[in-house]
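Keep the sequence and the 3D view side by side as you read.

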Amino acid sequence: QFTPSSFLRIGQLSNVDLNEDIRELETELPRQYPNEIPHNEKLLSLKYESLDYDNSENQLFLEEERRINHTAFRTVEIKRWVICAMIGILTGLVACFIDIVVENLAGLKYRVVKGNIDKFTEKGGLSFSLLLWATLNASVVMVGSVIVAFIEPVAAGSGIPQIKCYLNGVKIPHVVRLKTLVIKVCGVILSVVGGLAVGKEGPMIHSGAVIAAGISQGRSTSLKRDFKIFEYFRRDTEKRDFVSAGAAAGVSAAFGAPVGGVLFSLEEGASFWNQFLTWRIFFASMISTFTLNSVLSVYHGNAWDLSSPGLINFGRFDNEKMGYTIQEIPIFIFMGVVGGILGALFNALNYWLTMFRIRYIHRPCLQVVEAMLVAAVTATVGFVMIYCSRDCQPIQGSTVAYPLQLFCADGEYNSMATAFFNTPEKSVVNLFHDPPGSYNPMTLGMFTLMYFFLACWTYGLTVSAGVFIPSLLIGAAWGRLFGISLSYLTKGSIWADPGKYALMGAAAQLGGIVRMTLSLTVIMMEATGNVTYGFPIMLVLMTAKIVGDYFVEGLYDMHIQLQSVPFLHWEAPVTSHSLTAREVMSAPVTCLRRIERVGTVVDILSDTSSNHNGFPVVESNPDATQVGWAPLVRGCSWDGLSPPKVFVERANLSLVQRRLKLKGFRDAYPRFPPIQSIHVSQDERECMIDLSEFMNPSPYTVPQEASLPRVFKLFRALGLRHLVVVDNRNEVVGMVTRKDLARYRLGKEGLEELSLAQT
């Protein structure tokens, strides 16, 4: 059993024995081009199953739907709104919990270290302070990393790529479990308190999604409790809609941006969308922001003043000071270009680092050691930078939380410490709002350089952590530097306010790394509470995305690809019209007859060599026309706990046996018992089973001449799991699954086909 590999680890990549190839390479020139390194990103993993977003309209389903009258449907609709409200409230409460705990623990840590530094500055022996700071960081991060590496590896990273895959229709093991949520929340608190270059915003999106999946199913598999509520929603389609609402509520709690949350869910997440859903998701986002706002206001002691809408609050930007003129627009576009190039550099470095982690740092104990190393190095770099900095600013009128004096005169503080000796969220706000002249250009330049590499090294560790805030912080630092140099050049004219350029730099850097456009513009506008910047922020983000995409893809897409997930993009590859369904499909297909021997069904389900889980049901009369489709999900056709064996002795008997109900399937969802757990005796193997109850009598089919883009569009838009390919006599010739479509990708040299691997 190969232990889970590096970071995002939506899955485990096989550790192909790369050492020999690498040794050969090392004897040649030290610099090699990427395509010569033995490398497993050209694989597609067979271990991910697809979710079925298309309801199977079998007899059981249709009978139940016919029984439901108009009032019952109205009750279902009301339940949907209730669930959305609950998602919003709980996501808001989780965000409050994270915020309050981080604030108190980080405050405690910084007070201890500050007291220690102040004591040793006078006596000499500051190396003790460094040791204390590094040890505190490393020990906190060790706890955060151990719980992730050993208990729930899916909780590593920000969780956004996993949620993207889930909403795309890929079943990622354990991604929306309660256990994952608990580890995620504890992990993110510990990694932020441990002083890593991470933010607590990305994981909120994953947390919201887990909350949504849990509430909408009315039960928890981790707790083994079934609350017998919301049973109607126990199927992939309904669960997906609630998960996209949860992701939106997470964004909304993180940034205080409900509209940004809805747009994020639309742009990054949901592959399927409708109007009612939009309204429900907006409702969940609003409730989430409002909950966070009211609880934090009560906590900060001003119960009636709702002043903290999100976990990160960029503070208000004044319109008078901070307007922009027409001649600044080219400057903003130039900043976008810089952000795109830096973002592409960040992603490329992180790509190589992640490849290294997948190959060598795949044992949990090594992952914990690496996380501790990064924590200690982060503290050491911060300490050395503060120690060497001679940038002193007067304390009067400044809003620094933990002013470090070090070697400055009395009444002054070290301005490098405002950037390093603080949680990243506070540092971003300081860079946006500190008055001009608070930072020396040298300080900002050194900070940007060091933090860029620290953040790049940190993203991908086995800890729960987001990349939003570090990106904003890097961007705000170089943006402010840019603003300062502009005011030098223009002899300090009024429009070159460093805070405004810090905001644009932050947008450019984040856009260059994650390549979100629409939702990010709105999130930045909502978080700064300023609509006038909508246009420049949009320009900056568009430029950053265009420039960044020229070099390398966005961070999240890159990590999805590194995990070999069969992810389907919006469109088929542009040059794929020459391929037809016949070339893409999997063949031969295992077919069943409508009335089949039980032994045959058991053997087909037990056969591990067939790589799909759907079996066309065909009539066995001479002109074999196809009737339907039985998604026997490796044993979902009988309830595992008390198998109602729905078969009879001989074929000519009518079924008078005990009928199956849809409830049996719902109670087992989403983990149907495997066929191996069901014992079928030798006599029972000879019995007959009528599949017409469970099969879908009207499956989607395509003719074998259909082109790949056409097949892709049908498959993607309907959220299918299997698509039957028929010939001109309407006989089944093949089957298209997600992996058959995801195999084709546009590479550097045109269309390339990935190989499938059992990793």
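Predicted model: local features only at pLDDT ≥ 70, side-chain atom pairs only at ≥ 80, totals over all residues.

Residues are numbered from 1 along each chain as its sequence is written, and side-chain values use heavy atoms, leaving out hydrogens and water.

Start with helix α2, residues 59-67. Helices here are DSSP runs (H or I, at least four residues), numbered from the N terminus. Leu60, Phe61, Glu64 and Glu65 of α2 are buried. Buried means under 20% relative accessible area, and exposed means over 50% (1.4 Å probe, protein chains only). Why do the buried residues line one face of the helix? Seen down the axis of α2, they fall within an arc of 130 degrees, so they share one face. That arc is taken from the directions from the helix axis to the C-beta atoms. An α-helix has 3.6 residues a turn, so residues three or four places apart point the same way. On the other side of α2, Arg66 and Arg67 are exposed. The buried residues of α2 pack against α3 and α24 (662-668).

Now find a helix pair. Helix α12 (residues 329-360) and helix α20 (residues 534-551) pack at an angle of about 35 degrees, their axes 7 Å apart. Axes are lines fitted to C-alpha atoms over the stretch in contact, and angles run from 0 to 180 degrees between N-to-C directions. By class, the contact has 13 nonpolar, four polar and no charged residues. Pro counts as nonpolar and Gly as polar in these classes.

Next come the cores. A nonpolar core is a set of buried Ala, Val, Leu, Ile, Met, Phe, Trp, Tyr and Cys residues joined through side-chain atoms within 4.5 Å. The largest has 160 residues, and Phe432 is one of those touching the most other members. Helix α3 gives the most to this core, with 15 residues. Another core, of 21 residues, lies apart from it and includes Met585 and Tyr744.

Finish at Arg80, in helix α3 (residues 70-123). Is Arg80 buried or exposed? Arg80 is buried, with a relative accessible area of 13%. Leaving aside neighbours within four places in sequence, Arg80 is in contact with Tyr232, Phe233, Glu238, Phe242 and Arg280. The C-alpha atoms of Arg80 and Phe233 are separated by 9.1 Å, although these residues are 153 residues apart along the chain.

Technical notes
Helix = DSSP H or I, 4+ residues; strand = E, 2+ residues; numbered from the N terminus. Contact = heavy atoms within 4.5 Å.
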